[in-house]
Amino acid sequence: MTAIIALPLLIVIIQFSGPFWFTLFTSLIAAVALYEFYHMGFADKRRPERFLAIAYGAFLVPLCALQQVYALQAGLVFAMLLFGLIFLWRFNDLQHVVQQLALLLFGFIYVPLLLGHLVLLRALPFGREWIYLVLLIVMASDTGAYFSGITLGRHKLYPAISPNKSIEGSIGGLLGGLAAAFIASYTFFPMLDSVDCLALGLGLGAMSQLGDLFESMVKRACGVKDSGTVIPGHGGILDRLDSLLFAFPLAFYYGFFLFSR
């Protein structure tokens, strides 16, 4: 039921919102995902710093939209100086202050920096098609991995991080992503040729699986099952974004450096 409601709403936002509103939407998603990430890592600690970091992280997404390296670089440098000084004067537990500061700063790289590539992707020629392509490949990869895993899965992929994932499921996910890329080329994205479909289907399928494994590692390290409860039946925003966060940058750089040229 959640997917039936959320997916059409997402398509409407992608298809009809202008650059300003799409960037604002992405910033809000980044803020919620950062809240979940910091809640997992800090629990009830560092509340003032966390909420300031969430607001600042949402501000980093529009900096990505400027498409100026120096703007984003300045934003990250300012974050280091600002929160470095805050933690210097509010170190609380001196034995763990560096780890806490590192976790807070890493949140900027993991969420707004990676998610900012969604805004960059939208700004490319055929930007909407690129976003639909990523969503289709990631969903097909997840679906292929799930069904091939439960039917053919025999060999564990990475039991220390995700005990239920299998090598057979991972291969099924890659094949699902590959099929999705070719379906996209024959339907809404005919500009893709066979080489593009092979590269993007396998590449984005692999990155989606790695993104999922990475978030599983974070959750296991924090001792939680889901990043949050904001999406009924699906966990948190970060649980839905994990595969996409690693896929958006690859799609953007492929589209910018190879496809557009």
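Q: Hey, which residues does Ser170 touch, not counting residues up to four places away in sequence?
A: Ser170 touches Leu157 and Gln209, where contact means heavy atoms within 4.5 Å. Keep in mind that this is a predicted model, where local features need pLDDT of at least 70, side-chain atom pairs count only at pLDDT 80 or more, and totals for chains, interfaces and linings use all residues. Residues are numbered from 1 along each chain as its sequence is written, and side-chain values use heavy atoms, with hydrogens and water left out.

Q: Okay, and where is Ser170 found?
A: You'll find Ser170 in helix H7, residues 167-186. Helices (H or I, at least four residues) and strands (E, at least two) are DSSP runs, numbered from the N terminus.

Q: Is Ser170 buried or exposed?
A: Ser170 counts as buried because its relative accessibility is 15%. Buried means under 20% relative accessible area, exposed means over 50%, and partly exposed is in between (1.4 Å probe, protein chains only).

Q: New topic: how many salt bridges does a search of the whole structure find?
A: The search finds six. A salt bridge here is a side-chain nitrogen of Lys or Arg within 4 Å of a carboxyl oxygen of Asp or Glu.

Q: What about Lys219, which side chain does it meet in a salt bridge?
A: One of its partners is Glu215, at 3.7 Å, N to O. Lys219 and Glu215 are four residues apart in helix H8 (residues 194-222), so about one helical turn separates them.

Q: Are those two buried or exposed?
A: Lys219 is buried at 12% relative accessibility, and Glu215 is buried at 1%.

Q: So what forms a salt bridge with Lys219 at 3.1 Å?
A: That's Asp239, going by the closest N and O atoms. Asp239 lies in helix H9 (residues 237-259) and Lys219 in helix H8, so the pair ties together parts that are 20 residues apart in sequence. Asp239 is buried too, with a relative accessible area of 6%.

Q: Last one: which residues do salt bridges that share partners join into one network?
A: Arg46, Glu49 and Arg90 are joined that way.
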